[in-house]
Amino acid sequence: MAVLIIASVAAVDWRSAVTATVASRDAMIRILGSPKPNPSLGDEAQTFDRLIGSWDADFSFPQPDGSARHKKGELHFGWVMDGHAVQDLWIGYPTGNQKDRTIGTTFRFFDTKLKQWRIVFINPQFNYVVTTQGGREGDNIVLQGSDSDGLPIRWIFREITSQAFHWTGEKSHDGGKTWVLEEDHHMRRRAG
């Protein structure tokens, strides 16, 4: 009888320890997320609010020979930090000899002094960090900055509807006179 009581107490202690560990890991994620944009953003919230949610991605990378390398993946956008910022996850599924998925995150906030959205994209697998800034231009969202090699880049969200959008990443090798398409991605909102 004593063995059963000790075993029961040990099991309860073990479950409590596991629950506490999981809860502490999940706490940051729960606290980070926000259900809606902060009212202080006003109309600027609409710039990225229309992208909030989960998307299935068809990533395309044009090659110099005119072909394109394709990869499937997903995107997740959400309001964070009491609705003052938007964070996303770009996830590419493994292809060919790749064993791991690729994953990067973007953090974006509206800089009230610059009157522009400031963006930081991070992909730790490739030691890649890029910053851009910009905002709405008509129906598009246009962001410009410098790539890790110092060359100008331009990221454009276009053809944005409630169910789809098109994202392009371009680079200039002549100071912004001409642009080369390096990424051409199509997203479809996930059902449910």
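Asn 127 sits in the loop that links β6 and β7 (128-137). Strands here are DSSP runs of E, at least two residues long, numbered from the N terminus. Asn 127 is not a glycine, yet its phi is positive, about 55°. Most residues other than glycine have a negative phi. Asn 127 counts as exposed because its relative accessibility is 72%. Exposed means over 50% relative accessible area, buried under 20%, and partly exposed in between, with a 1.4 Å probe and protein chains only.

This is a predicted model, where local features need pLDDT of at least 70, side-chain atom pairs count only at pLDDT 80 or more, and totals for chains, interfaces and linings use all residues. Residues are numbered from 1 along each chain as its sequence is written, and side-chain values use heavy atoms, without hydrogens and water.

Now take the loop between β9 and β10, where Glu 159 is found. Glu 159 is not a glycine either, and its phi is positive at about 50°. With 53% relative accessibility, Glu 159 counts as exposed.

The largest nonpolar core has 27 residues. Such a core is a set of buried Ala, Val, Leu, Ile, Met, Phe, Trp, Tyr and Cys residues joined through side-chain atoms within 4.5 Å. Among the members that touch the most others are Leu 51, Phe 77, Phe 157 and Phe 165. Strands that each supply at least two core residues include β3 (68-80), β9 (152-158) and β10 (164-171). β2 gives the most, with four residues.

Phe 157 also has contacts (heavy atoms within 4.5 Å). Beyond its neighbours within four places in sequence, its partners include Phe 48, Arg 108, Asn 140 and His 166.
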